[in-house]
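This report examines selected features of one structure. The sequence and the model are shown below.

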Amino acid sequence: MASTAAGKQRIPKVAKVKNKAPAEVQITAEQLLREAKERELELLPPPPKQKITDKEELNDYKLRKRKAFEDNIRKNRTVISNWIKYAQWEESLQEVQRARSIYERALDVDHRNITLWLKYAEMEMKNRQVNHSRNIWDRAITILPRVNQFWYKYTYMEEMLGNVAGCRQVFERWMEWEPEEQAWHSYINFELRYKEVDKARSIYENFVMVHPEVKNWIKYANFEDKHGYIALGRKVFERSVEFFGEDHISESLYVAFARFEEKQKEFERVRIIYKYALDRIPKQQAQELFKNYTVFEKRFGDRRGIEDVIVSKRRFQYEEEVKASPHNYDAWFDYLRLVESDADADTVREVYERAIANIPPIQEKRHWRRYIYLWINYALYEELEVKDPERTRQVYQACLEVIPHKKFTFAKIWLLYGQFEIRQKNLQNARRGLGTSIGKCPKNKLFKGYIELELQLREFDRCRKLYEKYLEFSPENCTTWIKFSELETILGDSERARAIFELAIGQPRLDMPEVLWKSYIDFEIEQEEYDNTRGLYKRLLQRTQHVKVWISYAQFEMSIDSEDRIQRCRQIYEEANKSMQGCEEKEERLMLLESWRDYEEEFGSLANKDRVQKLLPEKVKKRRKITAEDGSDAGWEEYYDYIFPEDAANQPNLKLLAMAKMWKKQQQDEEEQEEEEDDDDDDDEEEQQVPQGKEPQESSEPEEEQPAAHREQKEKENDDRDDESSSSSSDSESDGQHEDDKEKTEQTKADPEKQ
């Protein structure tokens, strides 16, 4: 019931403001505050001032106040503010002894309260109780030695009193606790105020040991410099460099040291300091050092000095790169190029040794291609720059030992090693090295380089032996056969060259046989052995019926200066045309006929020209089906086909196309005549004559449309049949006969219509 009653409890309605217009009198916030201030009725009046006129009244007042203070203290002894107020009230009454007693009682309650000690000591100092103040400060620094404020106040008081020895003694007691840096600086400044430079120096000595930071060493050195002790300042910097060593080296220390020496006009010292620091500080931490070094060289150095700065900076960059990625050979190349331009031979060798020590982890040639150039550059540097052939030989030999020749090799290294030995006039070592390369890992480039070397030395017998080894290694290389034959031709042994060509064309597998045959034919032409050349052409035509071979054969016959060359050339063209009638590549046959036509236009008679012109094909547009990769039908595409007059299978198609063109032209002529007649007649005659003229047309339309539709159907069938059986000539002949039969039926249907 209670829940139902609560659920049925009505929510009070929100009062709706009907008139939302602004009021005539607007009340501001300032007006509200002013009215509230005027209506302050509950303020209590200030208590009346009490005037004490006699001693008894004063004692009574003191008693009441002391009783109130004591009550507050008894209520909460730990509230130090009550104690301080009590002591200050007693101090205001010049009751110093009572105030001192209150402070002592408070210290018994909380002796670690800093404010309490400060107020106590300040009270004694105000009342010029010096010994009491010293006593309080002594007790304070003994109980709380880490509170620097006590020490500062104590030393300040002693200095104000002129007690320099006492102040120094306090500072000494303070320094035994090894306080923060500011305390040491206060002590140093105190001694400097009294011109005690030696004592300040001894303080700095202790200071840099207690706080061994770079900035403190720099302050120490600047102190010596400021007071004119240059040698001592330099010594401080040198001690600081030794103190921090290379493990905790700092950029700011060397910058300050360099500026100190620059101030003393010791520019060589500055340069040495910068270089020493740059050689030992990492690049990321030496940005300011580089900047200052560059500015220094621009101000006081020459061009060489500025270049040294840039080189050292780039050297650091490359060092970081090669440390991050030792197998980044491009970074090594850049680093070595920089070192070679500005370094001694030992430094360059060291960098080269570090670079070649990073052997690729994977024995794949693509990973070694950049690495191997490190060895090449190393060897070239030793040979060309250092002029040390023995070390160069060692570099080449070490490189050849590193390469895994069983998996891959680099012909460039072998050839460079052989060329180096030739330059050193050590032919035996060069031949031994190249022979080892051919025995271990024969490659085309190695054979070519070795043969080229022996050719330059005019060792032709060695060249023959090398060619024989080369052909045993790669008998399908046509270029090698050709070069071998050319060598024999140069040497004047044409029979040996011809025998080499015969061996070459007799190989079962060749990479470029057309180049080999062409070289053989050109060789026979140069030797003016035309019968051998004709024999080669015939042997080649037995292997291939390529149109370019026929054309080349014909051009060869024309190039011979003989009486029957024209007849021979024409005979070759005729043989080529007959042999290519059954060829599927109609473009090649067209190329042959065009070449024949050009020949007849230049050398033939009119009858021969007409004869060749009649042999040229007709270009016809056809359609064929396109099949997608998945075997589905992809539609139709148009293509151009060539129809040769000599092909009997294509004759019916030509006749059919000719008849279709004639029929289409006839239809167009009849429509034009009818339109002209309709324009000349009147409107009335038109109404009477048009039906009579249309009846025979309408009756003849089905008969005329029938052959056209039938012809389109036959063309589609012919296209499909050509796509399916274009490769066999027997199918095309049968299709041609079938088309002849259909054409005859077409003619029998068309004759009655014409009649």
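## Charges over rings

The charged end of Arg 201 sits over the ring of Tyr 229, 4.7 Å from its centre. Arg 623 likewise lies over the face of Trp 636, at 4.9 Å from the ring centre. A charge sits over a ring if NZ of Lys or CZ of Arg is within 6 Å of the ring centre and within 35 degrees of the ring normal.

## Basis of the values

This is a predicted model, in which local features need pLDDT of at least 70 and side-chain atom pairs count only at pLDDT 80 or more, while totals for chains, interfaces and linings use all residues. Residues are numbered from 1 along each chain as its sequence is written, and side-chain values use heavy atoms, leaving out hydrogens and water.

## Aromatic pairs

The structure holds 29 aromatic pairs. Rings of Phe, Tyr and Trp (its six-membered ring) pair if their centres lie within 6.5 Å; planes under 30 degrees apart count as stacked, over 60 as edge-to-face and the rest as tilted. The rings of Phe 69 and Trp 89 have centres 5.7 Å apart and planes at 45°, so this pair is tilted. Phe 69 belongs to helix α3 (residues 55-75) and Trp 89 to helix α4 (residues 80-92), 20 residues apart in the chain; helices are DSSP runs (H or I, at least four residues), numbered from the N terminus.

Phe 69 is buried, with a relative accessible area of 13%. Buried means under 20% relative accessible area, exposed over 50%, and partly exposed in between (1.4 Å probe, protein chains only). Trp 89 is also buried, at 12%.

Definitions and conventions:
Helix = DSSP H or I, 4+ residues; strand = E, 2+ residues; numbered from the N terminus.
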